[in-house]
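Have a look at the model first.

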Amino acid sequence: MRGSQQFDLLISGIQDVLVKPGLLGGLLGYRNVNLTLDDDRIVVLPHVPDNAPLAAYVESRIAPKASQDLSM
């Protein structure tokens, strides 16, 4: 079994949140939460219960994606 690691992340450094089912975890009620950071690194939080509000909590606190104005 792999050990756990702890990282301190600033909410302001998170660019996007993606929830994905794991290989077997989806059937067991768990998901992976992937956090994309501003420098394009991805932090994977494995084994997050389906009913945990983690993804919604982070999404509600990150800045909305900057929309690009293509009509110049």
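Is Thr36 buried or exposed? Thr36 is buried, as its relative accessible area is 18%; buried here means under 20% and exposed over 50%, with partly exposed in between (1.4 Å probe, protein chains only). Before going on, keep in mind that this is a predicted model, where local features need pLDDT of at least 70, side-chain atom pairs count only at pLDDT 80 or more, and totals for chains, interfaces and linings use all residues. Residues are numbered from 1 along each chain as its sequence is written, and side-chain values use heavy atoms, leaving out hydrogens and water.

So what does Thr36 touch, neighbours within four places in sequence aside? Its contacts (heavy atoms within 4.5 Å) are Gly13, Ile14, Gln15, Asp16, Arg41 and Ile42.

Thr36 sits in strand β2, residues 30–37. Strands are DSSP runs of E with at least two residues, helices are runs of H or I with at least four, and both are numbered from the N terminus. β2 runs antiparallel to strand β3 (residues 42–49), with six bridges joining them; DSSP has to find at least two bridges for strands to count as paired. Across that pairing, Val33 stands opposite Leu45 in β3.

Zooming out, the protein has two helices and three strands, in the order β-α-β-β-α from the N terminus. Of its 72 residues, 18% are buried.
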